[in-house]
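Subject: Structure handover

Hello,

Here is the structure we talked about. Please open it first, then read the notes below.

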Amino acid sequence: MKDSLEFTLLEQSLVLSIHKSIFWKERECLIVSDLHLGKAGHFRKAGIPISSKVHVEDLVKLDLLLNTYQPKRLIMLGDLFHSDKNNEWEAFTIWRNQYEGLEVTLTMGNHDIIATSNYRKINVDAVDELTLGPFFMSHHPTENSFGYNLAGHLHPGISLQGKARQGVRIPCFYFGQKGALLPAFGNFTGYIAISPGKQDKVFAVTPTSIITIQ
């Protein structure tokens, strides 16, 4: 089983991981999307008992990826936090302070309602979008003239059928003609099924491997 797969796009080497991240070799960037930290706390405020352990596990995954790839920059494609500041914000702040030499950029998503001044205080650069090399990075999928779009937001998934006709939907990386969708990094998220075109590339994410679908 391969826990990662290297994919060449626009002459750039992208390593897709089972942890739903991309490591861009040429720029030494780790790219993730849709952590939705604080979602458990948001549910607890509504009286639904959800443990914050799900978000701790996400930060542990980030630790693993940072230690594995040793990137110079971490780029988060929006929805870092699910809602306003809560106890999970403090946990993220502590986590961020462990990586003082790491440049962190957040492209703001629709759930990112925490004031950008809070991000500046913990050395996170919060922007609307980011153009880097051949890529235009944003939270929402965006057709543009600045570059091939890397985005999140939609939490892409693909439905697979087993021999006994049992079906399962799992997260995936989707690469279309003008842009790509990253799977949601956060554990506490769902998936939306995509319908890829014939020329599109799709890589399914299982707990142990990256599977080339087409």
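**What was found**

The charged end of Lys 61 lies over the ring of Phe 185, 4.1 Å from the ring centre. (A charge sits over a ring if NZ of Lys or CZ of Arg is within 6 Å of the ring centre and within 35 degrees of the ring normal.)

A word on the basis. This is a predicted model: local features need pLDDT of at least 70, side-chain atom pairs count only at pLDDT 80 or more, and totals for chains, interfaces and linings use all residues. Residues are numbered from 1 along each chain as its sequence is written, and side-chain values use heavy atoms, with hydrogens and water left out.

**Aromatic pairs**

The whole structure holds 13 aromatic pairs. Rings of Phe, Tyr and Trp (its six-membered ring) pair if their centres lie within 6.5 Å; planes under 30 degrees apart count as stacked, over 60 as edge-to-face, the rest as tilted.

Phe 7 and Phe 175 form a tilted pair, 4.6 Å centre to centre, with 50° between the planes. Phe 7 is in strand β1 (residues 4-9) and Phe 175 in strand β12 (residues 167-175), 168 residues apart. (Strands are DSSP runs of E, at least two residues, numbered from the N terminus.) Phe 7 counts as buried at 12% relative accessibility. Phe 175 is buried too, at 3%. (Buried means under 20% relative accessible area, with a 1.4 Å probe and protein chains only.)

Phe 135 and Tyr 148 make an edge-to-face pair, because their ring centres are 6.3 Å apart and their planes stand at 70°. Both residues are buried.

Ring pairs also join Phe 81, Trp 89, Phe 92, Trp 95, Tyr 99 and Tyr 119 into a cluster.

**The sheet**

An open sheet has 7 strands in the order β1-β2-β3-β4-β5-β6-β7, with mixed pairing. (Two strands pair if DSSP finds at least two bridges between them.) β1 and β7 (125-127) are at the edges with a single partner strand each, so one side of each has no neighbour in the sheet. β1 pairs with strand β2 (residues 12-17) in the antiparallel sense, over 6 bridges.

Best wishes

Conventions:
Helices (H or I, at least four residues) and strands (E, at least two) are DSSP runs, numbered from the N terminus. Buried means under 20% relative accessible area, exposed over 50%, partly exposed in between (1.4 Å probe, protein chains only).
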